[in-house]
Amino acid sequence: MSHNIKLIVTDLDGTFLPDRDYFIEENLKAVAAAKEAGIRVCIATGRHWGSSKCVLDAAPFDALSITGHGAAVVESATGKYRYLNPVPGSCLPKLVRHLLNKESLEPVDRPRTHDVDLPKNGSSISLATQAFSAVYRPGLTTPMEEQYSYPYGPKYPMVRRAYRDVDSWTASVGENTEWVTFDIGRIGVEDIAELKQEISAFAPLEVTTAYGTVMEITAKGATKGEGIRWVAEHYGIQRDEILAIGDNLNDADMFRCAGVGVCVANGHEALKQMAHMIAPACNEAGFAKIVYDCIEGRI
């Protein structure tokens, strides 16, 4: 049965991209084919706009993008906010102190995704804005240290600011924190529920995971599903005209807001249970197959 899909919303890492800067040619061509067929393809990613730009430049995606796990809807070409639901700045000091205390109680030898770039005297907690990420490094010799890296190529600089003092760290992001990352080496469903319950004392916040052992905290209602709702209302597209495709738990809310929810074969088992259908794995261009199925009326 054809759903007359008008909007395809895709996660990036693990769904559209098998690695952060590795493009599958079939997927890029499928985005162009969808546009030619009159179907919008919008990204919905845990990345902020700056780290998504290399992908947006590679194919004719929609003019709007959902970033920060749904904390923001931005103009794809410029990064200008059209909608922003940040983590409240008023709750950040209490939140990060709770996370620092929780982190200190965890075994230091447990493998963590953030271990690859985490100094021994640093924390896994990162406060992410569109312009930079802010981290806590109590061993610094200066109050603040700014670092540039180019993981997506020379055109796409990433900025990280490290702070020696907790108060300066939390104050640096103001009211622009799209999400907070936290890594204690475990991300079971029960771990996410436990953390959400603990931090509810500070503010109603969302907790999810998108990769590795990293938990990600956003404002209440800042989900990819809410981003889809905003974009769909903006374009006048109905729920049953939307297809969402993803691979991890932070994509679950997309399925609740789409007529068709698709999980790639390499996706999280819990997400597969929620999906209407399973696509081939990311590295097998599962995204492209789904796009052509939409174009040719098989979905």
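User: Which helix does lysine 289 lie in?

Analyst: Lysine 289 is part of helix H9. Keep in mind that this is a predicted model.

User: Is lysine 289 buried, partly exposed or exposed?

Analyst: The relative accessibility of lysine 289 is 42%. Buried residues fall under 20% and exposed ones over 50%, so lysine 289 counts as partly exposed.

User: How far apart are lysine 289 and alanine 30, in sequence and in space?

Analyst: In sequence, 259 residues separate lysine 289 and alanine 30. In space, their C-alpha atoms are 8.2 Å apart.

User: What can be said of aspartate 293, and where is its place?

Analyst: Aspartate 293 is also in helix H9, which spans residues 286–295. Aspartate 293 has a relative accessible area of 6%, and because this is under 20%, the residue is buried.

User: Which residues is aspartate 293 in contact with, leaving aside its neighbours within four places in sequence?

Analyst: With those neighbours left aside, aspartate 293 touches Arg298 and Ile299.

User: Now the strands. In what order do the 5 strands of the open sheet stand?

Analyst: The general idea is that strands of a sheet pair through backbone hydrogen bonds, in a parallel or antiparallel way. Here the order is E2-E1-E13-E14-E15, with parallel pairing. Strand E2 (40–43) and strand E15 (277–279) are at the edges; each has a single partner strand, so one side of each has no neighbour in the sheet. On average, neighbouring strands of this sheet are turned by 25° against each other, direction ignored.

User: Over how many bridges do strand E13 and strand E14 pair?

Analyst: Strand E13 (residues 242–246) and strand E14 (residues 260–264) share 4 bridges, in the parallel sense. In one of the pairings, alanine 244 has glycine 261 of E14 as its bridge partner.

User: How should I read a pair of helices, and at what angle do the axes of helix H3 and helix H5 cross?

Analyst: Two packed helices are described by the angle and the distance between their axes. For helix H3 (residues 92–104) and helix H5 (residues 189–199), the axes come within 11 Å and the crossing angle is roughly 135°. H3 and H5 are therefore oblique to each other, and their crossing is right-handed.

User: Which residues make the contact of H3 and H5?

Analyst: H3 contributes Leu95, His98, Leu99 and Lys102, while H5 contributes Glu194, Leu195, Glu198 and Ile199. Sorted by class, this contact of H3 with H5 holds 4 nonpolar, 1 polar and 3 charged residues.

Definitions and conventions
Residues are numbered from 1 along each chain as its sequence is written. This is a predicted model: local features need pLDDT of at least 70, side-chain atom pairs count only at pLDDT 80 or more; totals for chains, interfaces and linings use all residues. Side-chain values use heavy atoms; hydrogens and water are left out. Helices (H or I, at least four residues) and strands (E, at least two) are DSSP runs, numbered from the N terminus. Buried means under 20% relative accessible area, exposed over 50%, partly exposed in between (1.4 Å probe, protein chains only). Contact means heavy atoms within 4.5 Å. Two strands pair if DSSP finds at least two bridges between them. Axes are lines fitted to C-alpha atoms, for helices over the stretch in contact, and angles run from 0 to 180 degrees between N-to-C directions. Angles under 35 degrees count as roughly parallel, over 145 as roughly antiparallel, 65 to 115 as roughly perpendicular and the rest as oblique. A crossing is left-handed if the near helix is turned anticlockwise from the far one by less than a right angle, and right-handed if clockwise. Ala, Val, Leu, Ile, Met, Phe, Trp, Tyr, Cys and Pro count as nonpolar, Asp, Glu, Lys and Arg as charged, and the others, Gly among them, as polar.
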